[in-house]
Amino acid sequence: MKSLDSDLEEGIHEGWIVKADTLEELAKKTGFDHLTGTVASYNSYCEKGEDEQFGASPCYLSSVKQGPFYSVECEVSAWSTFGGVKTDDECRALAEDDQVIPGMYVVGTDNGSMMYSPYYDIPGFCYGSCIGSGVIAGHGASAYAKV
């Protein structure tokens with residue numbers, strides 16, 4: 001956070017960050033016609049302490065009221081480990097001899113049996129496998145912990 005101001009200025013100079021003093025100005029600069037209404041709805045959830053749209057926990061609600069305001073153009077992405085840790089179909093880690101390592105589970109992009117070449121260049125694939133493998137491993141780890 002020490003270089004946040006200079007990082008923001010760099011992004012503004014490079015054209016992938018837009019800065020405005022008001023939400024109305026930011027909406028005009030970006031073409032986000034619904035920005036002010038969306039923020040007003042969100043701020044009402046903050047005041048009520050209940051996110052009526054997405055159900056976010058109240059501890060994550062923080063109103064958006066004081067500028068300056070920024071719009072940042074970015075590409076959503078995730079890092080992946082090609083190869084990673086070899087697992088079975090229950091996301092249990094396997095030793096070099098393909099025997100299960102008791103109590104060790106590998107999920108997400110570190111699961112080498114799910115994330116390998118050819119890597120699927122499909123939007124959402126990485127996140128879907130992270131969520132799915134987390135659920136699979138969670139059930140397995142829970143059952144293992146009860147043994």
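Student: On the other side of α2, which residues are exposed?
Tutor: This is a predicted model, in which local features need pLDDT of at least 70 and side-chain atom pairs count only at pLDDT 80 or more, while totals for chains, interfaces and linings use all residues. Residues are numbered from 1 along each chain as its sequence is written, and side-chain values use heavy atoms, with hydrogens and water left out. Helices (H or I, at least four residues) and strands (E, at least two) are DSSP runs, numbered from the N terminus, and a residue is buried under 20% relative accessible area, exposed over 50%, and partly exposed in between (1.4 Å probe, protein chains only). On the other side of α2, the exposed residues are Glu 24 and Lys 28.

Student: Which are the buried residues of helix α2?
Tutor: Helix α2 spans residues 23-30, and its buried residues are Leu 23, Leu 26 and Ala 27. Seen down the axis of α2, these fall within an arc of 100° (taken from the directions from the helix axis to the C-beta atoms), so they line one face of the helix. The buried residues asked for are therefore Leu 23, Leu 26 and Ala 27.

Student: What covers the buried residues of α2?
Tutor: Contact here means heavy atoms within 4.5 Å. By that criterion, what covers the buried residues of α2 includes β1 (17-20), α3 (35-48) and β2 (69-72).

Student: Is Ser 71 buried or exposed?
Tutor: Ser 71 has its place in strand β2. Leaving aside neighbours within four places in sequence, Ser 71 is in contact with Trp 16, Ile 17, Val 18, Leu 26, Thr 30 and Phe 32. Its relative accessibility is 15%, so Ser 71 counts as buried.

Student: Which residue forms a salt bridge with Lys 29?
Tutor: A salt bridge is a side-chain nitrogen of Lys or Arg within 4 Å of a carboxyl oxygen of Asp or Glu. Lys 29 counts as partly exposed at 48% relative accessibility, and its partner, with the closest N and O atoms 3.4 Å apart, is Glu 25.

Student: Where does Lys 65 lie, given that Glu 47 forms a salt bridge with Lys 65?
Tutor: In this bridge the closest N and O atoms are 3.4 Å apart. The pair links distant parts of the chain, 18 residues apart, with Glu 47 in helix α3 and Lys 65 in the loop between α3 and β2. Glu 47 and Lys 65 are both exposed, and the place asked for is the loop between α3 and β2.

Student: How many salt bridges does the structure hold?
Tutor: Another pairing brings together the side chains of Lys 48 and Glu 52, at 2.9 Å from N to O. Elsewhere Asp 88, Glu 90 and Arg 92 are linked in a network of salt bridges. The number of salt bridges in the structure is six.

Student: How many disulfides are found in the whole structure?
Tutor: A disulfide is a pair of cysteine sulfur atoms within 2.5 Å. Cys 91 counts as buried at 3% relative accessibility, whereas Cys 130 is partly exposed at 28%. The number of disulfides found by a search of the whole structure is zero.

Student: Which pattern does the protein follow along the sequence?
Tutor: The secondary structure comes to four helices and four strands. Read along the sequence, the pattern is α-β-α-α-β-β-β-α.
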